[in-house]
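Opened my notebook for another look at a protein.

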Amino acid sequence: MPTLTLKFKDNVISEYPVNKGETLTVGRLADNQVVVENLAVSGHHAKVDSVGNGFLLTDLQSKNGTFVNQNMVTSHWLKHGDVITIGKHHLVFTSEGEAAQGKGPGDMDKTMVMDTQLHREMLAKTTPKADTGTLPSPEGGGPKEKTARLTFLAGGEGEVEIRKGLTTIGKKPTSDIKVKGFLVGKLAATVSKRPNGYYLGYVGGFSKPKVNGEAVVQTVKLKDMDLIEIGSIKLQFTEPKAG
């Protein structure tokens, strides 16, 4: 079974099976499946989604970034032996893991900006990948790429174009779509743009998002005219129109 092994330096802290059809979130807060006790790690730092026969790592707009084999990534299809660096910790992705002693979560608050020689070196050497979800805006004004949209039916007005590779939804002030609700997570869900379509993923909070009335417990592919409910808002998803 595929496994993520959490390490600090050469010490194994714990290991986590990556099951088909599930999502693992990684971060400092206790509501993550993989809790990393370090102030350089964001509350909700990254996630791993089971998609088809593969596993997709996605950075959740973390403060210090997510690295795979010392290259910064926004998303990355995991391969056997990949080393994910989050803060000062490593997660090794393997198909067969070794048993390890678990460690309990902490309750730390604010994310500390990481400033170490290794982190600076990784930032300097990495070549950030272009965000294929962002629309170009050439001065000459050529034809624009068609984008998917989320239209407010309740809890807001207007519509949101899904221009980025990852659109965040939650109570955090930095969320692309802000939601109210006592049980809604600070980062409740994400909409990710992938080569084969758009996917809504549940991240955190007691209140899970719903698509067409069905609770989302992992990640679902969105279809044209799907209805999305999260906390106080209701959205309708529309796919890009050809032509």
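Predicted model: local features only at pLDDT ≥ 70, side-chain atom pairs only at ≥ 80, totals over all residues.

**Strands 16 and 17**

I started with strand 16 and strand 17, which run antiparallel and are joined by 6 bridges. For strands to count as paired, DSSP has to find at least two bridges between them. A hairpin of 2 residues links strand 16 to strand 17. I also looked up one pair: serine 192 has tyrosine 199 of strand 17 as its bridge partner.

Residues are numbered from 1 along each chain as its sequence is written, and side-chain values use heavy atoms, leaving out hydrogens and water.

**The other neighbour**

Strand 17 also pairs with strand 20 (residues 219–221), antiparallel, over 3 bridges. There, tyrosine 199 has lysine 221 as its bridge partner.

Why is strand 17 largely enclosed by the rest of the structure? I found that 6 of the 6 residues of strand 17 (residues 197–202) are buried (buried is under 20% relative accessible area, exposed over 50%, partly exposed in between, with a 1.4 Å probe and protein chains only).

**Out on the surface**

Next I checked phenylalanine 182, in the loop between strand 15 (177–178) and strand 16 (189–194). Phenylalanine 182 counts as exposed because its relative accessibility is 79%.

**Whole chain**

I noted 1 helix and 22 strands (DSSP runs numbered from the N terminus: helices are H or I, at least four residues, and strands are E, at least two). Of the 243 residues, 45% count as buried.
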